[in-house]
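Try each task before reading its solution.

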Amino acid sequence: MIRFAACAIAILLAGCRANDAPRPPGGSADRERVGRLIVEMQLPDPERAEAARRELALCGKEATPRLIGLAASGKPMVAAQALEVLGAIGSEEAIAPICSILNTSPHETVRLAAAQALLSFASPIATDPVGAALAHEACADVRVACLQALQAIPDRGAGRKALPSLQDPAEMVRSAAVDVVEAHRPEGAGDALAEAYAYLPPSGAWSEKERILGILVAWRDPHAVPLLLEALSNPFSSPARQEAARLLGELGDMAAVSALIEAIVDARPEVALAAHSSLSKLTGRTDPAAPDLGDTNGRDAVREAWKKWTEQRR
């Protein structure tokens with residue numbers, strides 16, 4: 001549903017804003033045209049209704065007051081259509097009314113359309129109202145749309161509004177929140193991502209955890225190494241241990257050496273190989289050769305060789 005509505009707005013934007021040339025002040029003929037198009041927009045014929053919405057978007061500010069009134073009418077279908085066109089027009093005077101509708105409408109479809117319209121504006125004016133809506137919104141689809149609107153706003157404050165949603169009960173909302181936090185990197189983002197990681201169940205959600213770890217590693221955040229060391233000992237997921245071993249090598253933190261040495265004897269050979277490769281990166285040592293992945297005794301010998309090598313350099 002979100003994708004369909006977002007695509008509809010994108011179509012209107014592509015078809016209308018490209019031709020949105022300055023227009024002279026509207027007269028009675030323009031008002032009549034707007035009135036006719038508003039009627040046609042509500043027709044049951046999809047083609048005529050879409051054509052009317054396109055033409056209304058071309059009317060620009062002349063149509064905005066009427067559309068704002070329709071958006072606040074309380075009629076869900078009409079309001080959603082009006083909000084779609086307001087998003088395509090992009091007139092700043094519509095932002096405050098749309099924000100009000102987002103926070104007060106009892107209809108999920110209307111709140112969703114309002115959030116998606118605000119995505120088109122990408123205005124800092126909407127940061128606080130969208131954040132307020134996000135905090136009390138019951139519908140996960142609308143929460144996702146609010147987060148998408150925040151991501152589009154060129155303001156780090158918009159990123160801060162997304163931080164609580166990192167621990168939302170719905171996975172799609174958490175994913176959208178990570179998108180916002182990664183894009184804006186607001187103050188406290190590292191702490192919030194680490195808390196979000198801890199919020200996830202220990203025996204699952206590895207794809208979400210992997211993404212959080214990847215961001216923290218890319219940021220060289222101080223939370224990265226402790227979380228990776230925790231993942232390296234995760235008994236539930238060998239992919240988690242393998243990726244943790246790999247990322248610890250990328251970070252270049254020598255505090256990981258001892259844990260990586262122990263990971264060489266992991267039950268899964270791919271984890272052992274990742275640990276061995278990261279140790280080589282961290283220490284600059286290429287010997288011994290990569291462990292024999294099919295030979296547990298061989299991996300034991302390699303671990304002991306690494307232990308001896310590190311002890312000699314203390």
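**Exercise 1: a pair of tryptophans**

Trp-306 and Trp-309 are both buried (under 20% relative accessible area; over 50% is exposed and in between is partly exposed, with a 1.4 Å probe and protein chains only). A word on the source: this is a predicted model, in which local features need pLDDT of at least 70, side-chain atom pairs count only at pLDDT 80 or more, and totals for chains, interfaces and linings use all residues. Residues are numbered from 1 along each chain as its sequence is written, and side-chain values use heavy atoms, leaving out hydrogens and water.

Task: Find where Trp-306 and Trp-309 lie, and describe how their rings form an aromatic pair.

Solution: 
- Step 1. Both residues lie in helix 18 (residues 296-312), three residues apart, about one turn of the helix. Helices here are DSSP runs of H or I, at least four residues, numbered from the N terminus.
- Step 2. An α-helix has 3.6 residues a turn, so residues three or four places apart point the same way.
- Step 3. Rings of Phe, Tyr and Trp (its six-membered ring) pair if their centres lie within 6.5 Å; planes under 30 degrees apart are stacked, over 60 edge-to-face, and the rest tilted. The count comes to one aromatic pair. In it, Trp-306 and Trp-309 sit edge-to-face, 5.8 Å centre to centre with 80° between the planes.

**Exercise 2: two cysteines**

Task: How many disulfides does a search of the whole structure find?

Solution: 
- Step 1. A disulfide is a pair of cysteine sulfur atoms within 2.5 Å. The search finds zero.
- Step 2. Cys-139 is in no disulfide, and its nearest cysteine sulfur, that of Cys-146, is 9.5 Å away.
- Step 3. Cys-139 is buried at 11% relative accessible area, and Cys-146 is buried at 1%.

**Exercise 3: an arginine in a helix**

Task: Is Arg-143 buried or exposed, and what does its side chain reach?

Solution: 
- Step 1. Arg-143 belongs to helix 9 (residues 140-152).
- Step 2. With a relative accessible area of 9%, Arg-143 is buried.
- Step 3. Its side chain reaches the backbone oxygen of Glu-137 at 3.3 Å.
- Step 4. Leaving aside neighbours within four places in sequence, Arg-143 is in contact (heavy atoms within 4.5 Å) with residues including Leu-134, Asp-168 and Val-173.

**Exercise 4: packing of a helix**

Task: Which helices do the buried residues of helix 12 pack against?

Solution: 
- Step 1. The buried residues of helix 12 (residues 189-199) include Leu-193 and Tyr-197.
- Step 2. These buried residues pack against helix 11 (171-184), helix 13 (206-218) and helix 14 (224-232).

Key:
Helix = DSSP H or I, 4+ residues; strand = E, 2+ residues; numbered from the N terminus. Polar contact = N/O pair within 3.5 Å; in protein donor to acceptor, adjacent residues only side chain to side chain.
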